[in-house]
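Here's a quick briefing to read alongside the model. Keep the 3D view open and find each residue as you go.

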Amino acid sequence: AAARLLLELPADVLGLVLYQLTLAHDIAAVAPTCRLLCDAAKIALKLRPFSGEVVTLAGHTGVVPGVAAASDGRIITGSYDRTVKVWRDGACERTIQAHTRKVMAVAVLPGGARFVSVSDDGTAKLWTLDGALERTFEVGGWVLCVAALPDGVHFVAGLNNHQVKLFHVDGTLVHT
């Protein structure tokens with residue numbers, strides 16, 4: 001039933017859903033079997049053109065478990081070396097001494113101007129792409145992963161103690 005409801009969405013709305021999926025280009029390859037998915041995939045490809053070019057981003061001195069893409073083409077990486085790097089066109093724009101321990105994950109907030117980094121130091125941090133720290137969130141445990149919500153003002157952090165916490169970018173813990 002949920003799949004049928006998804007296919008009843010207008011093609012432009014379905015295209016925006018596909019735009020959020022990292023595998024949208026793979027979906028586009030098989031979409032001709034469904035006219036609506038095909039139309040939506042074409043919209044997603046216009047919004048996010050695909051390039052087969054492979055770029056190596058070298059510069060971290062530790063494992064890189066966190067990678068996120070901003071809508072303007074910049075790439076954000078987080079590393080066990082405690083840093084976050086912002087990349088554009090394969091070159092490092094800036095290195096941020098982000099956390100006191102390993103950076104476990106990064107997520108770009110919709111709108112592309114800010115991102116969140118999380119660490120096993122028990123914090124999540126909200127940054128601008130220019131490298132300015134906006135806010136530190138004391139999360140209360142090792143933070144292993146993060147995801148930005150589509151509204152652009154909330155994110156969820158996953159902790160090692162089997163908890164997920166929902167935060168507002170203003171610093172408010174919304175829900176555990």
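Predicted model: local features only at pLDDT ≥ 70, side-chain atom pairs only at ≥ 80, totals over all residues.

Residues are numbered from 1 along each chain as its sequence is written, and side-chain values use heavy atoms, with hydrogens and water left out.

**The four-stranded sheet**

- Let's start with an open sheet of four strands, in the order β1-β2-β3-β4, with antiparallel pairing.
- At its edges sit β1 (66–69) and β4 (91–97), each of which pairs on one side only.
- From one strand to the next, the twist averages 20°; axes here are lines fitted to C-alpha atoms, for helices over the stretch in contact, and angles run from 0 to 180 degrees between N-to-C directions.
- A quick word on terms: strands (E, at least two residues) and helices (H or I, at least four) are DSSP runs numbered from the N terminus, and two strands pair if DSSP finds at least two bridges between them.
- Strands of a sheet pair through backbone hydrogen bonds, either parallel or antiparallel.
- β2 and β3 run antiparallel and are joined by four bridges.
- If you look across from Ile75, you'll find Trp87 in β3.

**Strand β10 and its two partners**

- β10 (residues 154–159) is largely enclosed by the rest of the structure, because five of its six residues are buried. Buried means under 20% relative accessible area, exposed means over 50%, and partly exposed is in between (1.4 Å probe, protein chains only).
- Five bridges tie β9 (residues 143–148) to β10, and the two run antiparallel. Cys145 has Gly158 in β10 as its bridge partner.
- β9 and β10 make a hairpin with five residues between them, and Gly152 in the turn has a positive phi of about 80°.
- β10 is also joined to β11 by five bridges, again antiparallel. Here His154 has His168 in β11 as its bridge partner.
- The hairpin of β10 and β11 has four residues between the strands, and His162 takes a positive phi near 65°.

- Asp81 lies in the loop between β2 (75–78) and β3 (83–88).
- The side chain of Asp81 does make a polar contact with the side chain of His60, at 3.1 Å. A polar contact is a pair of N or O atoms within 3.5 Å; within protein, one must be able to donate a hydrogen and the other to accept it, and residues adjacent in sequence count only if both atoms are side-chain atoms.
- Asp120 is in the loop between β6 (114–119) and β7 (123–128), and counts as buried because its relative accessible area is 5%.
- The side chain of Asp120 makes a polar contact with that of Arg101 (3.1 Å), and a polar atom of the Asp120 side chain lies 3.2 Å from the backbone nitrogen of Lys102.

**A threonine in a loop**

- Thr172 sits in the loop between β11 (164–168) and β12 (173–175).
- Is Thr172 buried or partly exposed? With a relative accessible area of 38%, Thr172 is partly exposed.
- Leaving aside neighbours within four places in sequence, Thr172 is in contact (heavy atoms within 4.5 Å) with Leu166 and Phe167.

**Salt bridges**

- How many salt bridges does the structure hold? There are seven, each being a side-chain nitrogen of Lys or Arg within 4 Å of a carboxyl oxygen of Asp or Glu.
- Arg88 forms one with Asp72, with the closest N and O atoms 3.6 Å apart. This pair links distant parts of the chain, 16 residues apart: Arg88 is in strand β3, and Asp72 is in the loop between β1 and β2.
- Arg88 also meets Glu93 in a salt bridge (2.8 Å, N to O).
- Glu93 in turn forms a salt bridge with Arg94 (3.3 Å, N to O). Through shared partners, salt bridges join Asp72, Arg74, Arg88, Glu93 and Arg94 into one network.
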